[in-house]
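Here are my notes on this one, written as numbered points. Keep the 3D view open while you read them.

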Amino acid sequence: MKRATSYEEYLAAIESIKKQDKTTWFSAGEKALTADEQKLDSYMKKKRDALLGEKKYIYDAYSPALMFHKAKTDIMNNDLFDIFKRMPQGGNLHIHTGAAWNTEKFTEMLASNPNVYVYWDPDNAFQRTIPDGKLFLFSTRPDNPHCYNYQQIARLNSKIFIESKKRLTFIDPRVDDIEYIWGGFNDYFTSISSILKVRSIYKDYYVAAFKYQYQNGNDYIEIRAGISALKENNDDEQPRNDELTGTPAKPMIYSATPPECLTLLKEAYLTAKREGCPDLKVKAIVAPSRRTSQNFDEDITNAIAILKQTPAWQQALKDDDGSEFIVGFDLVSEEDINHKTDDYAKEIIKANSKVDFFFHDGESNWVDNDNIHSAWALGTRRIGHGINLYNFPTLLKKIREEDICLEICPISNQMLRYTKDLRIHPVAQFMQQGVQCAICSDDPQIFETAGIYYDLWEVYHGAMIDLRDIKKLIKNSYIYSAMSPREKAVKLAAWEVKWQKYIRDMQPLIK
Ligand SMILES: [Zn+2]
């Protein structure tokens, strides 16, 4: 740049650069806002500016710069909170079984069941084997002093009840300890892993979870579904006095018949739909953990070979309207320390399956983590997270050109310490460079969020986007979903009606 010779020339140079950036912006092709939408947009900007006025120069006081568990109360008290909460938020393309509901409600449900027990032994030296707070359903009282009856301790509101409940969320102050993060996250899933294998609990949990997310603004959900064998109770897992672990659950091997957990998951969705969520639609992505090594190759080969080709699966896993319920395959768990996506590439290619892939990849800040390259080369339809894509400009260009959407989970990325300050979350850069994104919640039960309105609030305030961008992010949750073109058209048209009503409803509030 040659040096400006006048102030006007200097301003023109800056303006020209900013204008060029706008042409690559991810929502550049979207329609202009209507007059009523513009009023809401201006109101939101005014409120955000006011918050910035108060907080801008106080390091760590602006909510997106704070860890979510510390910012949550401020966010809930913020003037724009209800604006986001009442928004029709479209779909949630990235949420996991086991972390899809709400801890307060889940523990209430458990406390109403006299057969639920919680394991609690503060002297337990094997926390990673059986963490304190692990939940079970036993048909009779177990002969183990460390198994507490959940109903009894809930009635007493005892210390163990309170503490064990905290372990089910990331509001627990232990999340300030960096060494705890993924360990604590895995402990959570271990804590609920046995009780969520119990048929009756499993079904009730997912009916309630789908209703809850629907009531909180999402009428479409794609859930990453772990596969496990279901049972009547956890009697075979009773921790004995002389050893801390019960019988380990048998690994689930995929077979020609779909596992019961998937058919029950579908039933739970259809029940929720019948019971007050008329336009709810749920689809599932089969998602084993990349953490497991035992039988894993076999599982993967079987899974991707049969998911779409076996008539029994096709039949059992159709929605009642004839559309597909099981829509794809993914690999989950912490990427940086577990198997790379490349470790499964040969098997995945060999299977030559028709199954669609929705890989969790790039949930990392390391430049030498190239899982996202593997996801792309294996033909993924979307990418879960994709955080470290900012390290790879050529791949980013490909992902933009091939219209592969990123499932962005801001609060999850922050709580798991990938982007501690959401003002510098790479979603801003991805949107700037025209990469399509959708906002998702990942594990709302652990992070204590609902719908995707906390995440949208964070992106609005962290990445300084506007209402038109929010509309595009929401619409992307349908456009880049695994729905058929016909299903997408129906959902988008219905959303447009809900959105217009929402804009009308907001007008009296923003005067
Ligand atoms: Zn995830």
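1. Across the interface of domain 1 and domain 2, five residue pairs are in polar contact, with both residues at pLDDT 80 or more. (A polar contact is a pair of N or O atoms within 3.5 Å, where one must be able to donate a hydrogen and the other to accept it; residues adjacent in sequence count only if both atoms are side-chain atoms.) Helix 18 (444-447) and helix 3 (68-77) each supply at least two residues of the side of domain 1 that touches domain 2, and helix 18 gives the most, with three residues. Helices here are DSSP runs (H or I) of at least four residues, numbered from the N terminus.

2. A word on where this comes from: the model is predicted, so local features need pLDDT of at least 70, side-chain atom pairs count only at pLDDT 80 or more, and totals for chains, interfaces and linings use all residues. Residues are numbered from 1 along each chain as its sequence is written, and side-chain values use heavy atoms, with hydrogens and water left out.

3. Which residues make up each domain? Domain 1 is 19-100 + 220-235 + 250-511 and domain 2 is 106-190; the bounds come from an automatic or database domain assignment. Their C-alpha centres lie 29 Å apart. The contact (heavy atoms within 4.5 Å) takes 22 residues from domain 1 and 19 residues from domain 2.

4. The two domains bury about 1900 Å² between them, 60% of it on carbon and sulfur atoms. That area is the accessible area (1.4 Å probe) the two parts lose on being put together, summed over both.

5. Now look inside. The largest nonpolar core has 143 residues, and Phe84, Leu135, Phe170, Phe210, Ile223 and Met431 have the most contacts inside it. (Such a core is a set of buried Ala, Val, Leu, Ile, Met, Phe, Trp, Tyr and Cys residues joined through side-chain atoms within 4.5 Å; buried means under 20% relative accessible area, with a 1.4 Å probe and protein chains only.) Helix 9 (residues 199-215) gives the most to this core, with ten residues.

6. Click on Phe210: leaving out residues up to four places away in sequence, Phe210 touches Ile221, Ile223, Leu265, Ala268, Tyr269, Ala272, Leu280 and Val282.

7. Finally, helix 19 (residues 453-462): ten of its ten residues are buried, so helix 19 is largely enclosed by the rest of the structure. Among them are Trp457 and His461. Just after helix 19, Met464 takes a positive phi of about 55°.

Technical notes. Buried means under 20% relative accessible area, exposed over 50%, partly exposed in between (1.4 Å probe, protein chains only).
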